[in-house]
Amino acid sequence: MTKEIYFRNLEQFGYGPNVMKKTKVCPKCGQIAKKGSFFCRSCGAFLTRETLYDHYRKQHRCCPECDTVLAADSHYCPNCGSKTQLNVV
Ligand SMILES: [Zn+2]
Ligand SMILES: [Zn+2]
């Protein structure tokens with residue numbers, strides 16, 4: 001599997017940084033919304049400017065080189081192969 005195909009698969013499932021930057025999530029019901037929308041189509045809650053990407057960056061580790069979201073235990077970025085820093089005690 002080449003890097004390109006792998007990355008495209010990630011985007012299809014919504015995990016590519018480019019996709020996440022265009023996506024918001026309703027804070028109330030979790031409905032996915034487009035970046036440009038201001039209200040949730042499902043429950044009508046007001047959506048902040050925060051995108052799914054911003055949200056992920058707070059909760060997950062991201063590659064310092066390419067901003068790909070990393071699995072909690074990954075030692076290397078799946079996108080660019082950079083070594084990522086784990087907090088070693
Ligand atoms: Zn909602
Ligand atoms: Zn990377």
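Glu-65 counts as partly exposed because 13 C-beta neighbours lie inside 10 Å; a residue is buried if 20 or more other C-beta atoms lie within 10 Å of its own, exposed if 12 or fewer, and partly exposed in between, with C-beta atoms placed from the backbone. The model is predicted: local features need pLDDT of at least 70, side-chain atom pairs count only at pLDDT 80 or more, and totals for chains, interfaces and linings use all residues. Residues are numbered from 1 along each chain as its sequence is written, while chains are lettered from A and ligands numbered from 1 in the order in which they are written.

**Overall architecture**

- The protein contains three helices and two strands; helices (H or I, at least four residues) and strands (E, at least two) are DSSP runs, numbered from the N terminus.
- Read from the N terminus, the elements follow the order α-α-β-β-α.
- Buried residues make up 15% of the 89 residues of the protein.
- Of the contacts in the protein with a separation of 6 or more, 19% are between residues 24 or more positions apart; two residues are in contact if their C-beta atoms, placed from the backbone, lie within 7 Å.

**Confidence of the prediction**

- The average pLDDT of the protein is 80, and 80% of the residues score at least 70; pLDDT is the predictor's confidence in each residue, from 0 to 100.
- Among the elements, strand 2 (residues 32–34) has the highest mean pLDDT (89), whereas helix 1 (residues 3–12) has the lowest (64).
- Where pLDDT is low, the predicted coordinates should not be read in detail.

**Val-25 in strand 1**

- Val-25 belongs to strand 1, which covers residues 23–25.
- Val-25 is partly exposed, because 18 other C-beta atoms lie within 10 Å.
- Not counting residues up to four places away in sequence, Val-25 touches Gly-30, Ile-32, Leu-52 and His-55.
- Val-25 and Glu-50 are 25 residues apart along the chain, and their C-alpha atoms are separated by 8.5 Å.

- Leaving aside neighbours within four places in sequence, Glu-65 is in contact with Cys-77, Cys-80 and Ser-82.
- The C-alpha atoms of Glu-65 and Lys-83 are separated by 9.4 Å, with the two residues 18 residues apart along the chain.
- Pro-64 is partly exposed, since 13 other C-beta atoms lie within 10 Å.
- A distance of 9.0 Å separates the C-alpha atoms of Pro-64 and Gln-85, which are 21 residues apart along the chain.
- Ser-82 is partly exposed, with 14 other C-beta atoms within 10 Å.
- With neighbours within four places in sequence left aside, the contacts of Ser-82 are Cys-63, Pro-64, Glu-65, Tyr-76 and Cys-77.
- From C-alpha to C-alpha, Ser-82 and Pro-64 are 8.2 Å apart in space, and they are 18 residues apart in sequence.

**The backbone at Asp-67**

- Asp-67 is located in the segment after helix 3 (52–59).
- Asp-67 is partly exposed, because 18 other C-beta atoms lie within 10 Å.
- The phi of Asp-67 is near 70°, a positive value in a residue other than glycine.
- Most residues other than glycine have a negative phi, and most peptide bonds are trans.
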